[in-house]
Amino acid sequence: MILVIADTHCYYGIVNRQIEHAEKTLGIPVDCVLHLGDFGLYREHLHNFFVRQGGRFLRPLYFIEGNHEDFNEFSALLARYNSTFFTHLPRATVQTVGPYRMLCMGGAAYMDALNTQPGAVIKDHHIDACLALPQDADIIISHDCPVGIGVPNTPGLEYFGAPGFPRSRELLEHFKPRLWLFGHHHKWFSTEDGGTVFHGLPGSWKGYCLLDDNYKVITVENSVPWQRTRFVDRLLHKLRIVRSQGPSS
Ligand SMILES: [Fe+2]
């Protein structure tokens with residue numbers, strides 16, 4: 001089984017708690033973990049978990065990026081941690097995870113443009129690169145949802161328009177995936193449209209999905225309490241965000 005999870009926002013330990021829940025409580029072995037973005041690729045948090053605490057994921061973990069990663073240091077952090085502690089699935093590529101060919105479409109434009117890092121935004125050239133790929137894809141994985149499938153807006157933010165990233169329907173029509181999985185919106189969502197089943201995942205602390213070898217998705221609601229980080233880590237994290245955004249934001 002592939003355990004699918006989203007939006008850990010630097011609380012990496014939640015991944016292991018959900019693996020343990022699947023295996024010990026449900027009795028379902030987990031082969032690997034697929035993370036749908038907002039992993040929390042930030043230097044201090046990675047160092048604290050993997051180096052200072054000696055933390056390790058209990059199963060191999062593959063992730064696409066969301067909008068809450070440090071894109072200023074993205075390459076440097078991957079050079080330090082990727083392939084050793086987890087595996088990044090680059091945007092606009094098809095990667096094999098388990099028995100599936102997955103089109104990977106990380107990134108998202110956060111609703112407040114001032115808070116959106118340029119590296120997070122899915123651009124035309126990413127969509128064009130996907131459409132030019134020689135491979136087919138069985139499943140599309142993205143951080144944001146595709147447009148037009150009925151994902152409700154967050155109450156109070158309706159004026160930002162319908163959720164979803166531009167030109168996502170072109171990916172749907174081109175690849176015609178059996179399954180499309182996404183996170184970002186922090187709520188469960190499922191629907192089916194034109195032969196594609198869509199599943200949106202909540203924050204990792206609310207639950208996860210289990211994906212078998214035949215496109216079957218089981219949703220598992222399981223609340224995991226947040227582990228509070230040290231004050232100094234939270235302070236350093238905030239300082240890094242302010243510094244990376246510059247004085248105008
Ligand atoms: Fe997000």
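Two strands count as paired if DSSP finds at least two bridges between them. Strands themselves are DSSP runs of E with at least two residues, and helices are runs of H or I with at least four, numbered from the N terminus.

This is a predicted model, in which local features need pLDDT of at least 70, side-chain atom pairs count only at pLDDT 80 or more, and totals for chains, interfaces and linings use all residues. Residues are numbered from 1 along each chain as its sequence is written.

Six strands form an open sheet. Their order is β4-β3-β2-β1-β11-β12, with mixed pairing. β4 (87-88) and β12 (217-221) are the edge strands; each has a single partner, so one side of each lacks a neighbour in the sheet. Helix α1 (residues 13-25) packs on this sheet. The helix touches β1, β2 (32-35), β3 (61-63), β11 and β12. A contact means that two C-beta atoms, placed from the backbone, lie within 7 Å. The direction of α1 makes about 140° with that of β1. Such angles run from 0 to 180 degrees between N-to-C directions, and axes are lines fitted to C-alpha atoms, for helices over the stretch in contact.

**Another sheet: β5 to β10**

Six strands also form an open sheet in the order β5-β6-β7-β8-β10-β9, again with mixed pairing. β5 (93-97) and β9 stand at its edges, pairing on one side only. Neighbouring strands here are turned by 20° against each other on average, direction ignored.

**Strand pairs**

| Strands | Bridges | Direction |
|---|---|---|
| β1 (residues 2-5) and β11 (residues 207-211) | Three | antiparallel |
| β8 (residues 179-182) and β10 (residues 196-200) | Four | parallel |
| β9 (residues 189-193) and β10 | Five | antiparallel |
| β5 and β6 (residues 100-105) | Five | antiparallel |

Individual partners can be picked out. Isoleucine 2 has leucine 211 in β11 as its bridge partner. Phenylalanine 182 is bridged to glycine 200 in β10. Glutamate 192 is partnered by valine 197, also in β10. Threonine 96 stands opposite arginine 101 in β6.

β9 and β10 form a hairpin with two residues between them. Glycine 194, in the turn, has a positive phi of about 60°.

**Arginine 169**

Arginine 169 sits in helix α5 (residues 168-175). It counts as partly exposed because it has 13 C-beta neighbours inside 10 Å. By that count, 20 or more other C-beta atoms within 10 Å make a residue buried, 12 or fewer make it exposed, and partly exposed lies in between, with C-beta atoms placed from the backbone. Arginine 169 touches Pro146, Val147 and Gly148, leaving aside residues up to four places away in sequence. Valine 147 is 22 residues from arginine 169 in sequence, yet their C-alpha atoms are 6.8 Å apart.
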